Amino acid sequence: MEFLKISVLILIAVLIIGSLPLFDKGLTTLITISTCVIVVLYVMRSITPAIEVIKNITSNQGTIDFTIVFKSMGISLITQFVSDVALDNGNKALANQMSFVGKIAIVILAMPIFIQVLEVIGQFVK
């Protein structure tokens, strides 16, 4: 049912944007961003219980830090959202820069995992 609500919201936004004159780019951008933010917030609210269950299950493991995975997923979603909005507004250069920034942010976020892997490899070599 949630899928249908989101689908109808997006369909209505597309119809409104399609019916606006082509010269009113600012209003179409505003409607697009507003609709995307509403959808993202709605989805985040819907998946929060599932994320909490996964956190509870993985917190008992102790060795794997899944917060890095969740943060990197969030970074990638935000990166894709901003990049798509930039592309829709005809700004490919900013879209590419946003993709680059997202990739760098994920690499920086994953640095502790890389360090742990290198330490384990170092222990095997000794």
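Thr79 is found in helix H3, where helices (H or I, at least four residues) and strands (E, at least two) are DSSP runs numbered from the N terminus. The model is a predicted one, in which local features need pLDDT of at least 70 and side-chain atom pairs count only at pLDDT 80 or more, while totals for chains, interfaces and linings use all residues. Residues are numbered from 1 along each chain as its sequence is written, and side-chain values use heavy atoms, with hydrogens and water left out.

With a relative accessibility of 10%, Thr79 counts as buried, a class that means under 20% relative accessible area, as against exposed for over 50% and partly exposed in between (1.4 Å probe, protein chains only). Once neighbours within four places in sequence are left aside, Thr79 is in contact with Met98, Ser99 and Gly102, contact meaning heavy atoms within 4.5 Å.

Helix H3, residues 67-88, also takes part in the largest pocket, where H3 and H2 are the elements that give two or more residues to the lining. The volume of this largest pocket is about 470 Å³. Of its 19 lining residues, Val40, Met44, Gly74, Leu77 and Ile78 are the closest to the centre, and H3 supplies the largest share of the lining, 10 residues. A pocket here is an open set of points, on a 1 Å grid over the protein atoms alone, where a 1.4 Å probe fits, with protein on both sides within 12 Å along at least five of seven lines, and a lining residue has an atom within 4 Å of a point. Grid points are joined across faces, edges and corners, and the volume is the space filled by probe spheres set on the points.

Helix H2 spans residues 25-59 and includes Thr28, which is buried at a relative accessible area of 13%. Residues up to four places away in sequence not being counted, Thr28 touches Ile17 and Leu20. Asn56 lies in helix H2 as well, but this residue is partly exposed, with a relative accessible area of 49%. Between the C-alpha atoms of Asn56 and Pro21 the distance is 50 Å, at a sequence separation of 35 residues.

Two further pairs of residues relate other helices to the chain as a whole. Val101, in helix H4 (residues 92-109), is partly exposed with a relative accessible area of 47%, and its C-alpha atom is separated by 29 Å from that of Thr58, 43 residues apart along the chain. Lys5 lies in helix H1, residues 2-19, and counts as partly exposed at 47% relative accessibility; Lys5 and Gly122 are 117 residues apart in sequence and 52 Å apart in space, C-alpha to C-alpha.

Val125 counts as exposed because its relative accessibility is 69%. Together with Ile113, Val117, Leu118 and Ile121, Val125 makes a nonpolar surface patch of about 470 Å². Patches are made of residues with over 30% relative accessible area and no salt bridge, like charges being joined within 9 Å and nonpolar side chains (Val, Leu, Ile, Met, Phe, Trp, Tyr) within 5 Å. A salt bridge is a side-chain nitrogen of Lys or Arg within 4 Å of a carboxyl oxygen of Asp or Glu, and accessible areas come from the Shrake-Rupley method with a 1.4 Å probe, only the protein chains shown counting as cover for residues.
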